[in-house]
4 protein chains.
Amino acid sequence: MNFGVIGYGYWGPNVVRNLVSLEGSKVLAIADVTQTARVRAQKAYPGIKVISDASEVIASTDVDAVAIVSPVWTHYKLTKAALENGKHVFVEKPFTSNTEQGEELINLAQQKNLKIMVDHTFLFTGAVKRISQLIKEGTLGKLYYYDSTRVNLGLFQHDINVLWDLAPHDLSIMDYLIEGSPEAVVATGQSHLNGHEDVAFMTLYFPEKVIAHINVNWLSPVKVRTTLIGGEKRMLVWNDLEADEKVKVYDKGVKITSREGVYELLVNYRSGDMWSPQLEQGEALRQELSCFVDCVSHNQEPFNDGCAGLRVVKMLESASKSLSKGGSLVYL
Amino acid sequence: MNFGVIGYGYWGPNVVRNLVSLEGSKVLAIADVTQTARVRAQKAYPGIKVISDASEVIASTDVDAVAIVSPVWTHYKLTKAALENGKHVFVEKPFTSNTEQGEELINLAQQKNLKIMVDHTFLFTGAVKRISQLIKEGTLGKLYYYDSTRVNLGLFQHDINVLWDLAPHDLSIMDYLIEGSPEAVVATGQSHLNGHEDVAFMTLYFPEKVIAHINVNWLSPVKVRTTLIGGEKRMLVWNDLEADEKVKVYDKGVKITSREGVYELLVNYRSGDMWSPQLEQGEALRQELSCFVDCVSHNQEPFNDGCAGLRVVKMLESASKSLSKGGSLVYL
Amino acid sequence: MNFGVIGYGYWGPNVVRNLVSLEGSKVLAIADVTQTARVRAQKAYPGIKVISDASEVIASTDVDAVAIVSPVWTHYKLTKAALENGKHVFVEKPFTSNTEQGEELINLAQQKNLKIMVDHTFLFTGAVKRISQLIKEGTLGKLYYYDSTRVNLGLFQHDINVLWDLAPHDLSIMDYLIEGSPEAVVATGQSHLNGHEDVAFMTLYFPEKVIAHINVNWLSPVKVRTTLIGGEKRMLVWNDLEADEKVKVYDKGVKITSREGVYELLVNYRSGDMWSPQLEQGEALRQELSCFVDCVSHNQEPFNDGCAGLRVVKMLESASKSLSKGGSLVYL
Amino acid sequence: MNFGVIGYGYWGPNVVRNLVSLEGSKVLAIADVTQTARVRAQKAYPGIKVISDASEVIASTDVDAVAIVSPVWTHYKLTKAALENGKHVFVEKPFTSNTEQGEELINLAQQKNLKIMVDHTFLFTGAVKRISQLIKEGTLGKLYYYDSTRVNLGLFQHDINVLWDLAPHDLSIMDYLIEGSPEAVVATGQSHLNGHEDVAFMTLYFPEKVIAHINVNWLSPVKVRTTLIGGEKRMLVWNDLEADEKVKVYDKGVKITSREGVYELLVNYRSGDMWSPQLEQGEALRQELSCFVDCVSHNQEPFNDGCAGLRVVKMLESASKSLSKGGSLVYL
């Protein structure tokens with residue numbers, strides 16, 4: 001399967017490195033509008049054609065699939081052109097800038113019988129796979145909440161705010177882990193520097209009283225990647241920055257007890273062992289790209305397809321609407 | 001100065017222990033409606049009168065001041081009675097259940113020339129004192145945000161939700177640290193067990209683009225007490241669970257740079273040393289009670305007086321209003 | 001059971017507090033040669049007789065047992081006097097300053113049918129109890145090593161070096177956990193300040209290739225209390241400074257595999273889940289003193305008796321011999 | 001400068017990657033006796049000659065310098081051959097298997113005016129550079145001790161024990177940081193699996209009462225890379241596994257005070273701020289190889305030359321002697 005890659009900035013080199021070494025895939029061309037990116041690409045891969053014009057890659061008859069690793073605002077145009085040229089598409093998250101674009105691209109792909117995979121890399125990590133298994137097996141019991149903190153200093157993007165930059169990770173993970181779709185969203189935040197929010201908070205209401213919260217921040221002195229997931233039977237902490245023991249499952253819970261007296265507590269808590277399951281190793285992006293190659297080869301729909309990408313875009317769109325009002329309840 | 005203490009549940013014993021050992025204060029009586037609490041109190045302090053009826057303590061002519069360490073819904077009635085009986089009052093946070101009650105008590109105290117101190121204990125910790133100093137000296141520069149996470153398993157209260165239980169800590173700290181008053185608040189949350197929210201999130205908009213966020217949760221498998229404070233010049237992390245090095249100041253910041261190309265970043269970040277100042281030791285509650293005794297003795301108003309308590313109640317009240325709508329912008 | 005307590009410095013107040021509140025025990029008298037200690041004791045316990053002369057406590061006919069919480073060099077003399085006066089003895093670790101003293105006291109107690117308990121407090125912690133159980137059940141498999149680091153800044157003692165001050169904790173734990181007695185010891189160290197070693201390292205060779213190592217240091221900027229225990233089947237880390245999750249059991253091990261080529265590794269390792277068992281809560285010293293009261297009442301020998309104390313003293317004595325030569329192999 | 005690289009196992013690929021991308025260096029040939037290593041090398045570097053016979057690389061007239069990244073027992077033979085063929089040598093640590101070999105190679109290089117650099121990579125890390133500066137500037141004051149723990153599960157070597165495998169890191173760092181040479185060494189340890197010690201402890205006595213201790217272990221369930229360095233004025237902790245804040249300097253120290261009473265302490269400690277200096281970033285191996293290229297180009301002796309390598313070998317040799325006796329004081 002021959003790939004053209006569009007965009008060789010921060011993430012593009014990882015996509016190329018994996019496509020080059022994967023069985024069954026080959027990179028024919030890399031396009032980037034920036035001169036320095038092209039020089040880097042050509043030095044690292046003397047055998048690959050490196051050009052500035054993405055449309056040349058898209059038009060190439062040798063290319064079977066296009067990996068689009070460029071800024072969000074280019075996704076719609078590039079994906080559309082790729083699909084129209086009969087190429088399968090692997091595209092960065094977030095999928096598109098709005099719902100309409102996403103729906104159009106999904107329809108187009110269906111008509112042409114082409115695959116779209118949206119790069120929700122985290123779904124291919126050992127941590128998310130294991131957490132998904134724990135939830136599906138009922139280890140946590142009925143879910144109460146999902147609470148994620150994803151903050152660090154920097155990596156500002158000039159075209160989107162921190163919500164569109166960092167929250168797609170959590171939204172795609174939540175979409176994968178939590179049954180049902182969110183019913184409403186509230187987002188708050190503030191921009192301090194360049195007109196885009198650099199600090200933002202998002203609450204999502206799911207059916208059955210499941211609540212999700214996402215804290216994203218480009219102005220944090222420390223990097224944090226921590227998610228708490230609370231369930232009726234057990235609760236877990238996923239700290240993605242831990243070298244080992246990324247996921248810890250706590251045999252802790254709550255028991256409602258009858259009321260004894262005015263000054264007494266109503267609810268008791270229960271505490272047991274903690275357990276950290278060994279996680280599957282291996283680079284998530286490699287597994288994701290391998291899955292993409294497989295899906296295209298066997299004409300199967302990936303679970304992180306255009307529809308999954310669209311669900312994330314819809315949440316972001318509603319969050320933006322809420323954020324623009326300083327924080328109001330927006331139904332999805 | 002002779003004290004009567006009302007309430008000997010979780011926090012009351014700490015108040016009594018400190019009042020007993022402080023120079024210049026003495027505990028004459030302890031009142032608690034619960035039999036087991038009274039037995040515990042009497043065993044620990046054979047020399048102190050332990051009774052069930054708070055009004056007896058309040059009416060006692062020997063008592064100069066009353067420490068009210070009972071549930072929120074009792075604060076108004078007990079404080080009012082104490083003031084009417086000419087007693088100074090040290091009262092648990094949150095001060096009252098609503099604004100009207102708080103205003104009435106403040107007026108009453110003023111008329112009677114009595115002191116009210118609201119137990120905002122954290123303001124007397126070495127950490128908050130040092131952070132306040134860092135902000136006032138300009139070490140952090142202009143403030144960007146205040147982001148606090150205060151979660152743990154349990155200690156449910158049957159009469160209030162998690163916001164009224166845990167957020168007063170952060171609200172009183174913010175009120176102390178951040179110049180100006182919040183202009184609006186948004187709160188979201190969910191109740192899973194007994195009708196009171198057990199998970200809640202609160203955003204406060206301050207003037208000058210300062211944004212504050214509070215994450216409180218009674219259903220967390222791990223205890224977290226972490227606050228990030230970001231400023232133009234420096235940023236800090238306060239982790240109250242660290243034995244040493246509770247406060248870490250990062251010489252990190254952001255520089256806006258001119259735009260180079262479409263795919264390039266607009267904002268650069270700057271990174272330097274980290275520094276953890278040694279903090280004043282000593283029990284915060286002891287220092288607070290000592291301050292209360294001093295204020296009463298010298299007829300001075302404590303900075304954590306009824307007005308400080310009222311400001312916190314107002315924020316909680318507005319947050320409750322927002323929360324009841326699932327999260328709407330409520331102006332203060 | 002009526003106690004006399006000798007020594008009210010750092011640890012004595014904890015012994016008194018527990019003896020006072022335990023069912024079945026009562027403190028009649030406290031002796032300390034230091035004026036400030038006596039003032040502290042009398043203020044805290046107005047009902048207890050506080051004196052300077054230990055011999056008066058020992059001679060008192062009302063006293064059934066004596067708790068000796070004074071410096072090491074006083075243990076022999078005080079314990080001997082107490083036994084001669086027919087008192088049971090609870091004595092601080094290390095038991096005595098040398099083997100001869102220990103043996104004499106054990107014999108004396110036997111003749112008089114009196115109990116000696118040496119205060120090896122750690123044996124009554126939830127952590128050590130659980131680790132002991134894990135070893136006895138075979139969870140770790142055959143033991144490979146025990147490696148403990150116990151360092152902090154300060155708490156210098158003027159009469160003993162850091163080995164006699166800190167290592168008794170580890171030696172008593174090892175004596176309890178590891179089957180068999182050590183065959184030889186090597187100790188190294190250095191004194192920088194007052195003639196006593198403030199940094200020291202100790203290796204103990206047990207039968208069956210079990211090796212133990214203890215790192216003690218009074219000059220460390222950070223406090224560390226970490227023990228690694230390696231076994232054939234599993235390995236564990238005990239971090240006593242963790243609030244929760246003090247003991248973590250790793251399903252990790254080693255498999256010898258046949259040699260493939262000159263540059264290949266001979267040994268493979270195996271990695272699985274980690275698991276942190278919930279530990280029994282409760283103050284260790286309280287449980288230990290309760291055990292002492294029970295043993296005396298029912299005429300049973302405590303497992304941390306004089307003989308256990310003597311085994312620790314013998315190891316310390318041999319370590320001192322090795323240390324005095326800069327580190328030589330000394331057989332026990 | 002044209003390089004031949006011998007050995008493409010664990011570390012060799014890192015050496016090649018850096019030599020390939022460095023300005024002024026080029027890799028002409030890679031030799032490895034293992035078929036799988038050769039396949040990996042050829043796939044990664046299609047333009048480089050990959051062979052099995054190291055002597056062919058050494059004999060090549062196009063090659064200016066040889067990087068020897070093979071097991072310890074091959075270092076002497078390969079380095080000797082390289083020098084005899086007029087090649088400069090970059091060789092893995094430990095330099096040689098014994099003192100005689102090291103001395104012979106140093107003499108040979110001097111006669112031929114060729115450079116030897118021993119790969120003491122850590123000396124080129126930001127952490128070691130900064131610590132060295134702190135010590136030289138007198139920030140720590142007179143040194144008291146150096147205490148390093150370097151443990152993990154696995155990476156067993158079949159030809160050497162854990163001391164020869166892991167301790168060279170610490171010995172080369174100590175050799176760089178501590179003024180003067182160690183006077184004596186004591187080593188203890190145990191082998192549990194294949195005849196080579198897998199757990200070992202080493203004490204080194206330096207002049208002026210500086211003591212060093214190294215704890216190395218191949219059977220640890222957790223990876224630890226922590227070094228404590230204590231000085232009269234300040235103390236530091238270097239945790240190499242921290243992403244940021246690897247080095248923390250504590251303004252802590254000790255003051256001897258006069259003796260007050262029998263039960264009082266003789267020594268007081270002093271506590272102040274903690275400070276974590278920002279460290280130079282960049283891959284240490286890259287900087288080291290760049291330094292090697294520079295030294296050869298400008299005919300300068302690197303500070304991590306054959307003599308530095310020999311000093312480490314001498315310490316290892318003496319440690320082995322001590323270890324073989326179960327731990328005796330061996331003078332250097």
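Q: What rotation superposes chain C on chain D, and with how much shift along the axis?
A: Keep in mind that this is a predicted model. A 180° rotation with 0.0 Å of shift along its axis puts chain C on chain D, at an RMSD of 0.0 Å. That is how a two-fold axis relates things.

Q: Which residue of chain C comes closest to that rotation axis?
A: That would be C:Ser328, with its C-alpha at 2.3 Å from the axis.

Q: And what share of the contact residues of chain C recur in chain D?
A: 100% of them, with the same surface serving both copies.

Q: OK, switching to chains A and B. How many residues does each give to the contact?
A: Chain B puts in 59 residues, and chain A puts in 59 residues.

Q: How much area do chain B and chain A bury between them?
A: About 5600 Å², and 68% of that is on carbon and sulfur atoms.

Q: Which elements of chain B give two or more residues to the side touching chain A?
A: They are strands of chain B: strand 7 (143–153), strand 8 (184–190), strand 9 (199–205), strand 10 (211–217), strand 11 (219–231), strand 12 (235–239), strand 13 (247–256) and strand 14 (267–276).

Q: How do the residues on that side of chain B divide up?
A: There are 32 nonpolar, 19 polar and 8 charged.

Q: How many salt bridges are there between chain B and chain A?
A: The count is 0. For polar contacts, though, 19 residue pairs turn up across the interface of chain B and chain A, with both residues at pLDDT 80 or more.

Notes. Residues numbered from 1 in each chain as written. Chains lettered and ligands numbered in written order. Predicted model: local features only at pLDDT ≥ 70, side-chain atom pairs only at ≥ 80, totals over all residues. Heavy atoms only, no water. Contact = heavy atoms within 4.5 Å. Buried area = accessible area lost by both parts, 1.4 Å probe. Salt bridge = Lys/Arg side-chain N within 4 Å of Asp/Glu carboxyl O. Polar contact = N/O pair within 3.5 Å; in protein donor to acceptor, adjacent residues only side chain to side chain. Helix = DSSP H or I, 4+ residues; strand = E, 2+ residues; numbered from the N terminus. Nonpolar A, V, L, I, M, F, W, Y, C, P; charged D, E, K, R; others polar. Least-squares fit on C-alpha atoms with pLDDT ≥ 70 in both.
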